[in-house]
Amino acid sequence: AGAAAKSGGGGGGGVGGLGGLHVHIPHVPLPSAATTAASAASSAATAAASSIAGAIGGLTVRKYTLPDKTVASQVLMYRQLLHTSCRPGLRLSRAYQATAAQKAVMHMPWWEQGIEQTKRMVISYDNLIVRLWLNGAIMPYAEGGFAHRTDDGAAKKTDNKDHVGNISTAEPVDLLSGAAPQAGPAEGGESPQSDAASSESHVDTLIDDRGLPPIPHQYWVNRLGFQQPDPVTDFRSGGVLSLAMLVHIVESCPSTHARFLPGGDASVLPFGITCINVTDMLAKFLMFSKSVDRIDALLSQKPFWRMFADPSSVLVMEELSLETLADVVVEMGRERKIPGGKHEKGSNLHSNLHGERDGKVTVFDFAEILGRTEKRVNNDLLGAGPKSVQELRAVHARNRQRYAKALERKERDGARYLAKQQGSKSAAASAEAGAGAGGGTP
């Protein structure tokens, strides 16, 4: 502007009068309506940006936790055990370095005993099958065992330490060593080494000179609930993991095991095959089955991963799942006795089950039993997202009470239905008797 004024002044004439002019452009305020519209547009843009950011954030925020390093390591271990086929002579070994991870899992049932002494962590098929034989086929059926029949026909339940003590009352015997224990009297026979003056009692474990159980043998079918006298073929789907779970149940959960033995409320089902099926079910739910990719398992978000910081959680899951399955067996038997239910004679309701009308549940109902168990375990137990083993047991106890109350309501409804039916029959009989007393007069 100064340069223009000087230029104008130098030029003289008509433009010289503009040299001292100061141009001032005043601030003109916008009308109030325009201000409001601009403010509203700015607010809308801000809200839209926040909404988009929230939506994008919602896609990336995890609803549940991913398995951490410790849990991922355990899942991989379970997958390896599940995918390792059982076979006689199988032996897996690794050095024991007393790391935190190794100390956390050294109590798991698949390891041979004496890890700290041998400095080796060993998984042996022969060791597991011997432990299963002794604690599943021999000791529960010995005198004093919880599957041994007493005079009143009831099964006597004791803990696992008492079972082992029945082998010999004189001194403990290492049944898992290579040396065979001293043979005792066979069933229905006399021991060749019996001493009339000795009060010691022995149980014939039938372990051979190599320290192995007899295979084939009918006890694998009759007492342990496998399909063949040689159990190795039944472990095809569950591998070493299913064998280890069986060992855990017979060694550490005698009350659960007793439910599937003679006198138990789920004895209609074969224990071995049932336990293997439960392990397969859990493998599917817990993302370490053969059908689930390893990377998918480690990247899955599940509500129960926090619980698996405790390695014992998978053992407790096996125990509680078997308990749930046994409860389903009991419930189905009670349901079939409810008047007016699916199994009542003359009912127009059709059932897809194969049970008898007197309330009995048979092995042919296994598909329905397992189906109900899967829903309860996956939806009600794991779906609750327990964060610890203690919370897992608490959820199971609450669910069990809820199922019991639901069954009681069904039984009350059945009782009312029966009372109504009996009342109708009594009314009809009274009406018929009244008609007969009237001599048929209209």
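The model is predicted: local features need pLDDT of at least 70, side-chain atom pairs count only at pLDDT 80 or more, and totals for chains, interfaces and linings use all residues. Residues are numbered from 1 along each chain as its sequence is written, and side-chain values use heavy atoms, with hydrogens and water left out.

**Overall fold**

- The chain holds 15 helices and two strands. Both are DSSP runs numbered from the N terminus (helices: H or I, at least four residues; strands: E, at least two).
- Of the 442 residues, 39% are buried. Buried means under 20% relative accessible area, exposed over 50%, and partly exposed in between (1.4 Å probe, protein chains only).
- Contacts are heavy atoms within 4.5 Å. Among contacts between residues at least 6 apart in sequence, 69% join residues at least 24 apart.
- The accessible surface is about 24600 Å², and carbon and sulfur atoms account for 54% of that. Areas come from the Shrake-Rupley method with a 1.4 Å probe; for residues, only the protein chains shown count as cover.

**Helix α13**

- Helix α13 spans residues 313–335, which is 23 residues.
- From first C-alpha to last, α13 reaches 32 Å, close to the expected 33 Å. The expected span is 1.5 Å times one less than the number of residues.
- α13 is mostly covered, with 21 of its 23 residues buried.

**Salt bridges**

- The whole structure contains 18 salt bridges. Each is a side-chain nitrogen of Lys or Arg within 4 Å of a carboxyl oxygen of Asp or Glu.
- Arg131 and Glu251 pair at 2.9 Å, N to O. Arg131 sits in helix α6 (residues 125–138) and Glu251 in helix α9 (residues 239–252), 120 residues apart. Both Arg131 and Glu251 are buried.
- Glu331 and Arg376 pair at 2.7 Å, N to O. Glu331 lies in α13 and Arg376 in helix α14 (residues 366–381), so the bridge ties together parts 45 residues apart in sequence. Glu331 counts as buried because its relative accessibility is 11%. Arg376 is buried too, at 13%.
- Glu411 and Arg334 form a salt bridge, with their closest N and O atoms 2.8 Å apart. Glu411 is in helix α15 (residues 389–437) and Arg334 in α13, 77 residues apart. Glu411 is partly exposed at 28% relative accessible area. Arg334 is partly exposed at 35%.
- A network of salt bridges links Arg259, Asp265, Glu323, Asp327 and Arg400.
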